[in-house]
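Reader: I am new to this structure. Please take one part and walk me through it closely.

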Amino acid sequence: MSRGVIPGLATALVLVASGCTSPPNAVAPAATASPTAAVSAVAPVTPPVISPSISPSPTVYPRLPIPASTPRCHTGQLEVALLGAGAATGNVRNSFEMRNRSNLSCWVYGYVGFQLLDSRGRPLPQSLNRSTDSFFGQSDPPTRILLSPGSPPLQSRAAGHAFFDVATEDVTCSGQQMNATASLEIWPPDEDAAIVIAAHGGDWSGGFISCGDLTVNPMQIQPGLAGG
């Protein structure tokens, strides 16, 4: 190859390279950043260290021993309060607390009787089942529960009280039908006389929620609806 060809080839390469170069205005300002800035942009980000949260241990309610001579609780010795309602996917759990207001120890066992009442004290249509099972889980099977005298007032969720849930639903009736519940008639286990408490049907702020299909769970030693 003659020496004259080499300069020509070099000129051609320069022209090709010039044709592939971007126009001056197309170069982004970031291209002129310092090498240090470029390294910082691609440096891996270390994720923050998150300490696992520790949930408080649930309160354990002791099962109080029942002396042999302790009698069964009667209606006149007892008070009942509605603690509130919790719900999930149309299923509702109304939770109750029972207290011994007398000055003598007594025990309860099993399931309460339960009836919805309207504003004039008349029974409302309902179905009533008894079960240890509900959408919200299993209850303990029926056992005798000692209710001590002089215990804290209702709605304190205190040890030494008894608790029960009424499971139901809130999707198969109108608001008018649900709101018709004005009070609740509750029979302590094995008692003929009932306790009547206000209900405020359909009120999620401390009222009773139900469309009339009820499942009563047995008396328990601790509340099923934590926190209200």
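Author: Strand 2 spans residues 91–100 and is mostly covered. Of its 10 residues, 9 are buried, meaning under 20% relative accessible area with a 1.4 Å probe and protein chains only. Strands here are DSSP runs of E, at least two residues long, numbered from the N terminus.

The model is predicted, so local features need pLDDT of at least 70, side-chain atom pairs count only at pLDDT 80 or more, and totals for chains, interfaces and linings use all residues. Residues are numbered from 1 along each chain as its sequence is written, and side-chain values use heavy atoms, without hydrogens or water.

Now the neighbours. Two strands pair if DSSP finds at least two bridges between them. Strand 1 (residues 78–88) runs antiparallel to strand 2, joined by 10 bridges. One of these pairings sets Val-80 against Met-98 in strand 2. The two strands form a hairpin, with 2 residues between them. In that turn, Thr-89 has a positive phi of about 50°.

Strand 2 also pairs with strand 9 (residues 162–169). This pair is antiparallel too, with 8 bridges. Here Arg-93 has Ala-167 of strand 9 as its bridge partner. In a regular strand, side chains alternate between the two faces of the sheet.

Strand 9 leads on to another feature. It gives the most to the lining of the largest pocket, with 3 residues. Strand 7 (137–138) supplies at least two residues of that lining.

Terms used
Buried < 20%, exposed > 50% of the residue type's maximum accessible area, 1.4 Å probe, protein only. Helix = DSSP H or I, 4+ residues; strand = E, 2+ residues; numbered from the N terminus.
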